[in-house]
4 protein chains.
Amino acid sequence: MFEGATTGTPISLMIENVDQRSKDYSEVAKAYRPGHADYAYDAKYGFRDYRGGGRSSARETAARVAAGAVARLVIPEVAVLAWVSEIGGDAIEPANFDANQIGNNPFFCPDPVAAARWEKLVDEARLAGSSVGAVVECVAQGVPAGWGAPIYGKLDADLAAAMIGINAVKGVEIGDGFAAARLSGEQNADPMRPGPGMPVFTANHAGGIAGGISTGQPVKVRVAFKPTSSILTPVETIDRDGQAAEIRTKGRHDPCVGIRGVPVVEAMMALVLADHKLLHRGQCG
Amino acid sequence: MFEGATTGTPISLMIENVDQRSKDYSEVAKAYRPGHADYAYDAKYGFRDYRGGGRSSARETAARVAAGAVARLVIPEVAVLAWVSEIGGDAIEPANFDANQIGNNPFFCPDPVAAARWEKLVDEARLAGSSVGAVVECVAQGVPAGWGAPIYGKLDADLAAAMIGINAVKGVEIGDGFAAARLSGEQNADPMRPGPGMPVFTANHAGGIAGGISTGQPVKVRVAFKPTSSILTPVETIDRDGQAAEIRTKGRHDPCVGIRGVPVVEAMMALVLADHKLLHRGQCG
Amino acid sequence: MFEGATTGTPISLMIENVDQRSKDYSEVAKAYRPGHADYAYDAKYGFRDYRGGGRSSARETAARVAAGAVARLVIPEVAVLAWVSEIGGDAIEPANFDANQIGNNPFFCPDPVAAARWEKLVDEARLAGSSVGAVVECVAQGVPAGWGAPIYGKLDADLAAAMIGINAVKGVEIGDGFAAARLSGEQNADPMRPGPGMPVFTANHAGGIAGGISTGQPVKVRVAFKPTSSILTPVETIDRDGQAAEIRTKGRHDPCVGIRGVPVVEAMMALVLADHKLLHRGQCG
Amino acid sequence: MFEGATTGTPISLMIENVDQRSKDYSEVAKAYRPGHADYAYDAKYGFRDYRGGGRSSARETAARVAAGAVARLVIPEVAVLAWVSEIGGDAIEPANFDANQIGNNPFFCPDPVAAARWEKLVDEARLAGSSVGAVVECVAQGVPAGWGAPIYGKLDADLAAAMIGINAVKGVEIGDGFAAARLSGEQNADPMRPGPGMPVFTANHAGGIAGGISTGQPVKVRVAFKPTSSILTPVETIDRDGQAAEIRTKGRHDPCVGIRGVPVVEAMMALVLADHKLLHRGQCG
């Protein structure tokens, strides 16, 4: 920043980890934690940094959220909003959806009834040393038609990569996603009617993207987070010497990483859209 | 090719379209087909090639299949197999899974009982001028632990982009995908036991990838194809002048594009894995 | 092309080699040609395609010239012109420079007096089975200030890579190049005066690029081509078994490849500028 | 670093500028400095950070030198050495070349006789508030045959981009460079004789690269640095409002930036070679 403006230089963000605990890593150091990248990372690099997962730690997502805040400034015409729509298999009631509720509970839940149920559900998982998964939904309003590309650089492909690349994510859907595979062609159509400047769509099964290019409808994704891999129940594993071991992950226990995923999903949406806005401008002026 | 070997030059593949029909595009030329890229493409480029979708046509996937055949030569240690696991919401019975059946029916179906049901289901859709969606599954056996990377170039992110980038695909899952969001941490663990040279995993909920890196287990993806957008029922739409119109897509009718997606999914799996094999060799020797 | 316009699909160009001669490659097949990529290519790939150099052949530059013609359509505001300024150490007289002469002789020479000398010089090299080098200069008029970037994607760095990447090129200069290293800071300054819309520069030692970004002055490069490596005088070499050999290159003899480099240099200039025009539009709107 | 080894995470280097002077930038702030990127940068971004050049400052090369030190660890088989071979048009005597002298004088000069002359020459420039250019040469010993590629990713093209991308560089040569354009084909040949494991070349006009691929000979580049643009003599220029102005650059005066370029040239050589070593391993195993 200089004289109130960015200077054209890359924006550098540095987040210092001020919440490290000098706790005992001896348990984790002894053996690979199933569900974590421990074994795969060591198989790749022949190296293991067992201090909280090292480079594979979800702490890295803090940088994504910070960068996403910058990306939003690049796309002021777009409003990005995410929420949790399901925890441990318990989904919100679409009729109860109220965007104003999302910030009113610790679960980013737009359905106050579901939020009350989740409080119990997540507490039980915590007390049991167990964990639960979650589904996060994200909508970007205001994306104009035309961002993306028909083969290389498809908007939906870049969004899918961005979302699956978030730690603990195992699935992604654009628009209706897997549910679209259960619709007929008639049900799945997004008919168009004349509108002012752009068509009015009477449905949005496509999630705002057709053929890799935005249609002008809201861009919608759904993202599946697996349950936290760190649990207090001992799990069979092996150590670095290949010997049988058991491991249980003590320390701070987070029973549902999906909840923390909400700002990360928003950030990745903003980052991908900001990229595509600039790419589109380069391509089409 | 020269003296029985590749020469180090890029391999060029050219597929001539010998099955064009000099049919009447006048209907399609008049208005945008909902569910296709017609409107979005025109919004981006200010141009519309209505001859079968132009660059947005799924004809392009023929090139992917051809390239995938070359990619398989780069990864002889890996066996890639895909099949249809669900059509129009009707899924195979896992207990009936028989890989040998996949080539014995026109649906790439590993469950002969389901194949019989699908024959009727797809025929009915065809006769009604309607269409149905499908889910394709793909497994790659023999991928060693260590391909991929922990943040940039994650194996699962690249697979997700490759799969969502296939025409008509709206969702992708790695391993258990959305089902993992409904499991507890204990259920979702992939415990390890000592094995010869590498661990024996007693489950594979992760689909062979942890923290963006292959674990040595089979790499598993599930891919959702929407129902074919071209249907004979007229759908509301607009023309290039923004006026109200109706459109129905005549000509060759393909009631389930997901079936044709099977070799494309296999090809994209092979292409991504071949890339990552070479990247891993560059990274880790 | 469709209805008189490009369709948004990548433009594919294919040039069939219709001038192959079924001549005897047995001499070339026996041993590596010094000065060619024969040995280095085989050292890399463990493979040798001796038919005219294979992938390392300058035939490849035909594709660059064709692509450059397309690139020029992207930058109609820019006029690109190249010429030969020196052959075999014999340079043009700057005072004789006449752009209209460039197309009037087989040497792309803007100085008719030098062209007459070169005719003799090149003929002698041809008759002796020898070869001579050349320097090609290229100017792009009409490039606006602002293309390029200060660190990554510098315009001069991309031009340098594009030019050195042409077969037989061994040196590149932006503006005064090596001569600038012999000037004082006062001599090398490009002073500015007020002008209509943009400054008037009273000199252009910088060749139109400062800090990786175009200044609005003509972009100037000089490119050194080595003498053709294929000569009729036998040269010491080794064969694939590492044994001593001698080689002389028969067949069509081209005593000065630099002359053929003129359209290639123009093409590479146009390709780099077209890229940077689009990048700049993406970056700065 | 963890337990004595890198952890597989990207290596982050941060250099704090502890030598800023709270001097008066008012002179520089008023007008564009000719020869600097001031005008071009402002033309691109509509923004000017006049504090020492901002992003266009050669301070940035400190990061390159630091990164080059890491790159050298990736290529322990290669020895990279650079020196100044010419200042203000006064060249070293090749017969006097002594690598051991390079560190014995402030000019990285391998010829002690030239070093003595340069001391006077540079001092005179400093006292006059003037500046002089320089030529830097760099040799990398130990690069095996096979790094690079025949068309995309040519080793010489990447080196050229890396060198021209250094602040103040206006020309680059591979091997004999522009001098090769004055040789005959016979003179420029690099004959090969049988040698142990690899050929013995009897000359190295090519600078160790043929067809974009290393030959196993030393990789040689020459780099031209223009004279420092900041001089004490007033130069005609314009201010941001397009009005006529004069500027002279006070403060620390560096009469020959080329001398400081030596470690930067070495670093860029090491960075490009380290990249190509890894690329080659990915390509050819």
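In this predicted model, helix 5 of chain A and helix 7 of chain A cross in a right-handed sense. Helix 5 of chain A spans residues 155-164 and helix 7 of chain A spans residues 257-284; their axes come within 10 Å and cross at roughly 145°. From helix 5 of chain A, the contact draws on L155(A), D158(A), L159(A), A162(A) and M163(A). Helix 7 of chain A answers with V265(A), M268(A), M269(A), V272(A), L273(A) and H276(A). By class, the residues of this contact divide into nine nonpolar, one polar and one charged.

Two packed helices are described by the angle between their axes and the distance between the axes. For helix 3 (residues 61-74) of chain B and helix 7 of chain B, the angle is about 45° and the axes lie 7 Å apart. The two helices are therefore oblique to each other, and the crossing of helix 3 of chain B with helix 7 of chain B is left-handed. On the side of helix 3 of chain B, the contact is made by T61(B), R64(B), V65(B), A67(B), G68(B), A71(B), R72(B) and V74(B). Their partners in helix 7 of chain B are P263(B), V264(B), E266(B), A267(B), M268(B), A270(B), L271(B), A274(B), K277(B) and L278(B). The contact of helix 3 of chain B with helix 7 of chain B has 12 nonpolar, two polar and four charged residues.

Helix 7 of chain B also packs against helix 7 of chain D, at an angle of about 135° and with the axes 7 Å apart. That angle makes helix 7 of chain B oblique to helix 7 of chain D. The crossing of these two helices is right-handed. The residues that helix 7 of chain B brings to the contact are L278(B), R281(B), G282(B), Q283(B) and C284(B). They meet L278(D), R281(D), G282(D), Q283(D) and C284(D) in helix 7 of chain D. Sorted by class, this contact has four nonpolar, four polar and two charged residues.

Helix 7 of chain D provides the largest share of the lining, nine residues. By class, the pocket lining has 21 nonpolar, eight polar and six charged residues.

Rolling a probe the size of a water molecule over the atoms shows where empty space is left. Across the whole structure, a search finds 14 cavities of 30 Å³ or more. The largest cavity contains about 210 Å³ of space. Its lining comprises 23 residues, of which D190(C), A206(C), P34(D), G35(D) and H36(D) lie nearest its centre. Helix 6 (185-188) of chain C and helix 2 (38-45) of chain D are the elements that give two or more residues to the lining of the largest cavity. That lining has 10 nonpolar, nine polar and four charged residues.

The second largest cavity has a volume of about 130 Å³. Of the 15 residues that line the second largest cavity, G35(C), H36(C), D190(D), A206(D) and A210(D) lie nearest its centre. The lining of the second largest cavity has seven nonpolar, five polar and three charged residues.

Key
Residues are numbered from 1 along each chain as its sequence is written. Chains are lettered from A and ligands numbered from 1 in the order in which they are written. This is a predicted model: local features need pLDDT of at least 70, side-chain atom pairs count only at pLDDT 80 or more; totals for chains, interfaces and linings use all residues. Side-chain values use heavy atoms; hydrogens and water are left out. Helices (H or I, at least four residues) and strands (E, at least two) are DSSP runs, numbered from the N terminus. Ala, Val, Leu, Ile, Met, Phe, Trp, Tyr, Cys and Pro count as nonpolar, Asp, Glu, Lys and Arg as charged, and the others, Gly among them, as polar. Axes are lines fitted to C-alpha atoms, for helices over the stretch in contact, and angles run from 0 to 180 degrees between N-to-C directions. Angles under 35 degrees count as roughly parallel, over 145 as roughly antiparallel, 65 to 115 as roughly perpendicular and the rest as oblique. A crossing is left-handed if the near helix is turned anticlockwise from the far one by less than a right angle, and right-handed if clockwise. Contact means heavy atoms within 4.5 Å. On a 1 Å grid over the protein atoms alone, a cavity is a set of points where a 1.4 Å probe fits but cannot get out, and a pocket is an open set with protein on both sides within 12 Å along at least five of seven lines; lining residues have an atom within 4 Å of a point. Grid points are joined across faces, edges and corners, and a volume is the space filled by probe spheres set on the points.
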